[in-house]
Structure formats: structure tokens, C-alpha cells
Amino acid sequence: MTLPELYLTLLIAGTVLLASIAAARTAHRVGLPSLLLFLAVGIVAGEDGLGLRFDNVQLAQALGTAALAVILVEGGLTTRWSDVRRLVAPAGVLATLGVVISVVVTASGAHWLLGLDWNVALLLGAIVSSTDSAAVFSVLRALPLPRRLTGLVEAESGFNDAPTIILVLVFSTTTSDIPAIGPLFGSLLFQLVVGGLLGVVIGHLGAVALRHIALPATGLYPLATVGFGIIAFAAAGAAGASGIIAAYLSGLVLGNSQLPHRAATRSFAEGTGWLAQIGLFVMLGLLVDPSELPAAILPALVVGLVLLLIARPVSVLLCLLPFRVPWRQQAFISWAGLRGAVPIVLTTFPVVEDVPHARDILNIVFVLVALFTLLQGPTLPAVARRLGLVRGDALREIQVEAAPLDVLDADLLTVSIPESSQLHGVAVFELRLPPPTVLTLIVREGTTLVPDRDTVLRAGDELLLIASPENREDAERRLRAIGRSGKLARWLGEHGTPEPEGTTTGS
């Protein structure tokens with residue numbers, strides 16, 4: 001590549017990136033998952049639009065897999081273990097048995113309604129069986145849903161990528177209609193167990209290393225943290241195990257360890273995750289031929305409706321039956337099964353393996369993801385309210401972020417007081433924060449003030465507190481408790497636990 005070609009490539013890439021960021025802002029304001037507009041950017045920039053030609057499916061597979069690793073590392077780093085630790089069992093069942101049920105039901109519908117061969121139908125069912133947490137939470141971020149519900153959806157989305165990819169690889173390489181169950185189960189078990197162990201071990205090693213090694217620059221800590229996640233992904237893949245589950249679990253371990261500069265690491269991971277998603281969806285938009293998409297609309301509608309109305313609800317019902325999850329939450333989980341990053345990557349595997357009808361599968365998946373994200377995404381808040389999972393007057397949680405003060409061996413907490421929070425009207429002395437926590441500064445309407453014990457907090461205030469690592473969690477719990485029930489929170493039995501009693505109204 002010559003320098004003029006490099007400059008042109010960077011100019012085009014930078015323009016596409018900025019256009020995608022603008023699209024993400026637009027999507028957020030209108031309540032749509034941003035992946036739809038990223039796909040649109042790719043189509044507009046493609047051969048039938050601005051003339052960019054990209055048809056190297058093997059390169060798309062490699063880049064897509066790498067992007068998926070980054071997305072899953074970021075997902076693990078930004079998942080709170082306290083939200084999902086009690087949900088590992090139901091999430092694990094949904095991510096394994098639930099995936100199998102979805103594949104079988106969806107494939108049966110595609111076989112009987114569209115006349116597809118069983119191998120093609122199973123392959124298509126496997127590709128679309130994985131849910132995408134990024135697409136779901138980009139819509140639900142502002143909704144005060146029960147922690148158990150959001151944690152279950154998030155954990156399932158992190159765990160179910162690995163079984164899905166394993167099934168797609170099996171159906172992409174098998175020559176028979178239905179592969180033998182024994183070898184398939186053995187391969188699935190090996191990849192999940194070994195990949196999971198490698199992810200946990202490398203995550204723990206990375207946490208120990210980052211806590212005991214002083215790096216010369218703050219910006220190196222986020223790089224090193226994400227680097228450990230990528231190493232887990234690559235190590236598991238090289239061992240023949242699931243790099244996907246390894247990447248997610250290593251990120252989960254690292255993200256919930258007491259690491260230096262956690263706020264900077266989280267911000268960096270979110271930025272790299274966004275970059276990976278933008279690249280992934282724009283690349284798919286470039287890869288498809290818009291002239292071929294109209295023929296895929298009817299098959300995509302058939303498969304999508306079978307998946308949304310039959311396969312997903314049946315898998316959720318059967319998998320969550322032993323865990324006594326309220327039926328309203330089950331209904332919401334069924335509707336919230338958005339498809340996103342993983343199907344985007346998986347469509348490239350059968351094309352690379354030269355599977356019959358692979359190009360048709362790519363087009364069907366493209367249309368299905370676009371149409372059903374457009375259907376489900378904007379309706380999720382209304383569905384949650386209709387099911388009684390949120391109330392119109394529900395209070396939003398205060399948002400607490402922590403950054404380390406290494407010299408003092410302390411954490412700097414930033415707290416945002418939302419509208420209608422019970423923190424409004426509370427005096428500083430009435431907070432009764434666990435010592436040695438100190439409220440040092442209040443940012444109010446663009447100005448700063450140093451509070452005294454009689455200063456009264458207001459909605460919209462930004463608070464800066466200093467807490468020791470040992471009492472930081474107690475301080476956060478106290479702030480959450482007052483935010484929910486006011487200064488008499490403890491007398492009212494509210495202790496600021498992550499899952500408040502009575503959050504959900506349905507059963």
C-alpha cells in the first residue's frame with residue numbers, strides 16, 4: 001500500500017467511524033438499537049452506494065471473530081458479579097439447553113414451512129439462537145428494571161455465545177443431515193469446561209499481576225486489562241476450546257477484582273467495545289448485496305416469527321421452570337431476545353466453508369436481525385411497563401463511579417442524584433456514612449461548593465466522596481438505601497442491597 005492509498009483508506013475509515021458515532025447518537029435519542037444504523041452506514045458506503053467494494057468473506061470472518069472477542073471482554077469487564085452470581089444456574093441452563101431447544105424448534109419451522117434441508121435449517125437455527133446483551137441494554141439502560149431480571153438477561157447473553165458458535169461450526173462442517181449426539185455433546189462439554197477454566201485462571205492471574213506491578217503510566221492499566229482478556233480468548237482457541245467463554249469469563253473476573261484505575265479501565269473497555277461493534281456491523285453492511293435482500297424478506301419473516309413467538313418462549317419456559325421465575329419476567333425475557341453481534345459473525349462461517357445456500361443464509365440473517373431488532377427494540381420499554389416490571393413513578397438508582405487515589409489508598413466516588421430520589425432534601429450529617437467516608441465536594445448547576453454538615457442535598461447534584469477500599473461497598477449501600485427510602489432507610493428496613501425488596505410487581 002502506497003502512502004496516498006493509506007491516506008485515502010484512513011480518510012474513508014475515519015469518515016465511516018464518525019458517521020457511525022453520529023448514527024449511535026441518533027439511535028439513542030429515538031430509542032433504537034444502534035446496530036441498525038451501523039448496518040445502514042455499511043450499506044450506504046458499499047458497492048451499491050458510495051462504491052466501496054468488500055467481498056472477502058474469509059477476512060470478514062477473521063476480523064469479525066476478533067471483534068467478537070473484544071465485545072465479550074468488554075461485556076465481562078462491565079458486568080457486576082453481585083448482579084449475576086445468584087443467576088449462574090438459570091443463565092447457564094438458558095445458554096445451553098435453551099440454545100438447543102431454540103435451534104431445534106427454529107430449524108423445524110424452517111424445514112416444514114420453507115422446505116429447507118435439515119442441515120441448512122439446523123445451521124440457520126443455530127446462527128440466530130444467540131441473544132445480544134448490547135442491543136438489549138442500549139434500549140433498556142434508562143429503565144429501572146429488577147436487578148434479577150437484567151442480571152439474568154445479561155448473564156445469558158454472555159454465556160450463550162459459546163454453545164452457539166460450537167453448534168454453527170459443527171453444522172458448517174458436517175456432511176450428514178443431523179450429526180451424532182454423543183460426539184456433539186462431548187465437543188460442547190470440552191470446549192465449555194476448558195474454555196471456562198482458562199478464562200477464570202487467566203483472569204485471576206491478570207488481576208494478581210495488575211495489583212502488584214506498578215506500571216509507569218495510568219493508560220497502560222486499561223491496555224493490560226483488555227490484553228489479558230484477549231490472551232484468554234487466544235489461549236482457549238489454540239487449545240481447541242471455546243475462546244468466547246474464556247474471553248467473557250476472564251473479563252468478568254478482571255472487572256470484579258480490586259484493580260487500579262478501574263474507572264479508566266471500564267471507559268477504555270467500553271470505547272473498544274463500541275469500536276468493535278461499529279466495525280463489525282459496518283463490515284456486514286459492506287458484505288451484503290442489497291439487490292439480493294428482497295428475496296430474503298419472506299424467509300426471514302418466517303424464521304424470525306417462529307423464533308420470536310415459539311422457539312424463544314418455549315426455551316425460556318422449559319429452562320426456567322425449576323427456578324420459579326415469575327411468569328411476567330419470563331414473558332419479558334422471551335421478548336427481549338434481540339439478535340446482534342454473534343449472528344453477524346456466524347453468517348461468515350458457512351460461506352467460508354462453502355456450505356450450500358450459505359449466501360442465502362447470510363441474506364436471511366441480515367434481514368432477520370434488521371427487521372426484528374426494529375420490531376423488538378423500540379417496544380421493549382412498553383412491554384416492560386405492560387407486564388408491570390416497572391412503574392411510571394419508579395425511582396432511578398443513583399449512579400456511583402469509583403476511581404483510585406493510589407497515594408492515599410482510597411477510592412474517589414462520584415454520585416449523581418437523579419430526579420425524585422429520596423436523597424433530595426437530606427442534610428449531609430443525616431447521611432451517616434460509614435467512617436472514614438467523607439463528602440468533599442458538591443457540583444450544583446455548574447458551580448462547586450464545599451459542604452458542611454448542615455448542607456442540604458438536591459436532585460441533580462453531583463457528589464464527590466472519598467472512601468477507603470474496605471468501606472466503599474458499605475458507603476454505596478448506604479447511599480442507595482437513602483436514595484430509595486430517605487434518611488430513615490434503616491428504620492424502614494432498607495439497607496441498599498443490589499436487589500431491593502418489592503422491585504417487581506408481578507409473579
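Asn-160 is placed in the loop that lies between α8 and α9, the latter spanning 161-173, in what is a predicted model. With a relative accessibility of 1%, Asn-160 falls under the 20% limit and therefore counts as buried.

Leaving aside residues up to four places away in sequence, Asn-160 touches Ala-95, Val-99, Ser-130 and Thr-131.

## Helices α8 and α12

Helix α8 comprises residues 147-159 and helix α12 residues 243-255, and their axes come within 9 Å of each other while crossing at roughly 140°. Because angles over 145 degrees are needed for a roughly antiparallel arrangement, α8 and α12 are classed as oblique to each other.

On the α8 side, the residues in contact are Glu-154, Ala-155, Gly-158 and Phe-159, and they meet Ile-245, Tyr-248 and Leu-249 of α12. By residue class, the contact of α8 with α12 divides into 5 nonpolar residues, 1 polar residue and 1 charged residue.

## The protein as a whole

The protein contains 20 helices and 5 strands, and 51% of its 507 residues count as buried. Of the contacts between residues at least 6 apart in sequence, 78% join residues that are at least 24 apart.

The accessible surface of the protein is about 22800 Å², and carbon and sulfur atoms account for 64% of that area.

Key
Residues are numbered from 1 along each chain as its sequence is written. This is a predicted model: local features need pLDDT of at least 70, side-chain atom pairs count only at pLDDT 80 or more; totals for chains, interfaces and linings use all residues. Side-chain values use heavy atoms; hydrogens and water are left out. Helices (H or I, at least four residues) and strands (E, at least two) are DSSP runs, numbered from the N terminus. Buried means under 20% relative accessible area, exposed over 50%, partly exposed in between (1.4 Å probe, protein chains only). Contact means heavy atoms within 4.5 Å. Accessible areas come from the Shrake-Rupley method with a 1.4 Å probe; for residues, only the protein chains shown count as cover. Axes are lines fitted to C-alpha atoms, for helices over the stretch in contact, and angles run from 0 to 180 degrees between N-to-C directions. Angles under 35 degrees count as roughly parallel, over 145 as roughly antiparallel, 65 to 115 as roughly perpendicular and the rest as oblique. Ala, Val, Leu, Ile, Met, Phe, Trp, Tyr, Cys and Pro count as nonpolar, Asp, Glu, Lys and Arg as charged, and the others, Gly among them, as polar.
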